[in-house]
Structure formats: structure tokens, C-alpha cells
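Here is my note on the model you sent over. Please keep the structure open while you read.

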Amino acid sequence: MSNKTFERVSKILKSIMEDTSVPRNIRRAAEESNEILQNEEEDVTIRASTVISILDEISNDPNIPIHARTLIWEILSELESI
């Protein structure tokens with residue numbers, strides 16, 4: 001369950017990282033989040049909660065485009081199910 005969730009979330013994060021209309025700090029946070037999800041040495045719940053914390057903070061950034069904010073909310077709802 002969590003591996004499939006992490007794969008879906010990783011794809012969404014990669015699309016955010018490749019989107020040049022998204023500010024650099026948001027893309028950097030998406031990249032950092034993706035790296036955390038890929039770190040299999042950490043417990044699944046710790047990885048999920050760390051990424052939730054990072055993404056929750058940037059979702060409140062006033063400079064984030066609406067489409068990226070929607071994607072981040074989608075990621076947050078996926079990770080909260082873990």
C-alpha cells in the first residue's frame with residue numbers, strides 16, 4: 001500500500017519539480033520531499049509525516065500557482081492515509 005502511494009506521490013512531485021512556472025523554492029521543497037520518500041532506511045510513517053510537514057508549509061506560500069497548490073493538496077491527502 002505505502003509503496004504504491006509513494007510511487008504516485010513521487011510522480012506528482014516530479015511533475016512539480018519540472019514545471020518552470022512553479023517558483024524555485026517550491027520546486028526545491030518538492031525535490032527534498034521526493035528524496036525523503038525514496039530513503040528506505042527511514043520508517044514509512046516518519047517519511048510520510050516529514051513530507052507532510054514540508055509540503056504543508058509551502059502550500060501556504062502566496063507565490064505558489066493554483067495548479068501546483070492543488071497537486072500539493074492531492075499529495076497531502078495521499079500521505080495522510082498512511
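**Notes on the helix packing**

1. Start with the length of α1. Its 17 residues, at 1.5 Å a residue, should span 24 Å. The C-alpha atoms at its ends are 24 Å apart, which agrees. Bear in mind that this is a predicted model.

2. Now look at which side chains of α1 are hidden. Ser2, Thr5, Phe6, Val9, Ser10, Ile12, Leu13 and Ile16 are buried in this helix. What do the buried residues of α1 pack against? They pack against α2 (24-38), α3 and α4.

3. Take α1 with α2. Their axes are 9 Å apart, and the packing angle is about 155 degrees. Over 145 degrees counts as roughly antiparallel, and α1 and α2 are therefore roughly antiparallel to each other. Their crossing is left-handed. On the α1 side, the contact uses Phe6, Val9, Ser10, Leu13, Lys14, Ile16 and Met17. On the α2 side, it uses Ile26, Arg27, Ala30, Glu31, Ser33, Asn34, Leu37 and Gln38. Sorted by class, the residues of this contact are 8 nonpolar, 4 polar and 3 charged.

4. Next comes α1 with α4. Helix α1 covers residues 2-18 and helix α4 covers residues 66-80. The angle between them is about 165 degrees, and their axes lie 10 Å apart. The two helices are therefore roughly antiparallel. α1 passes α4 in a left-handed crossing. From α1, the contact takes in Thr5, Phe6, Arg8, Val9, Ile12, Leu13, Ser15 and Ile16. From α4 come Ala68, Leu71, Ile72, Glu74, Ile75, Glu78 and Leu79. How many nonpolar, polar and charged residues does the contact of α1 with α4 have? The counts are 10 nonpolar, 2 polar and 3 charged.

5. Then α3 with α4. Helix α3 runs over residues 44-59 and packs on α4 at about 155 degrees, with the axes 10 Å apart. That angle makes α3 roughly antiparallel to α4. This crossing is left-handed. Ala48, Val51, Ile52, Leu55, Asp56, Ile58 and Ser59 are the α3 residues in the contact. They meet Arg69, Ile72, Trp73, Ile75, Leu76, Leu79 and Glu80 of α4. By class, the contact has 10 nonpolar, 1 polar and 3 charged residues.

6. Find isoleucine 75, which lies in helix α4. Is isoleucine 75 buried or exposed? Its relative accessible area is 0%, so isoleucine 75 is buried. Leaving out residues up to four places away in sequence, isoleucine 75 touches Val9, Ile12, Leu13, Ile16 and Leu55. Valine 51 is 24 residues from isoleucine 75 in sequence, and their C-alpha atoms are 9.3 Å apart in space.

7. Finish with leucine 55, in helix α3. Leucine 55 has a relative accessible area of 1%, so it is buried. With residues up to four places away in sequence left out, leucine 55 touches Leu13, Ser33, Ile72, Ile75 and Leu76. Leucine 55 and isoleucine 75 are 20 residues apart along the chain, and their C-alpha atoms are separated by 8.4 Å.

Notes: Residues are numbered from 1 along each chain as its sequence is written. This is a predicted model: local features need pLDDT of at least 70, side-chain atom pairs count only at pLDDT 80 or more; totals for chains, interfaces and linings use all residues. Side-chain values use heavy atoms; hydrogens and water are left out. Axes are lines fitted to C-alpha atoms, for helices over the stretch in contact, and angles run from 0 to 180 degrees between N-to-C directions. Helices (H or I, at least four residues) and strands (E, at least two) are DSSP runs, numbered from the N terminus. Angles under 35 degrees count as roughly parallel, over 145 as roughly antiparallel, 65 to 115 as roughly perpendicular and the rest as oblique. A crossing is left-handed if the near helix is turned anticlockwise from the far one by less than a right angle, and right-handed if clockwise. Contact means heavy atoms within 4.5 Å. Ala, Val, Leu, Ile, Met, Phe, Trp, Tyr, Cys and Pro count as nonpolar, Asp, Glu, Lys and Arg as charged, and the others, Gly among them, as polar. The expected span of a helix is 1.5 Å times one less than its number of residues. Buried means under 20% relative accessible area, exposed over 50%, partly exposed in between (1.4 Å probe, protein chains only).
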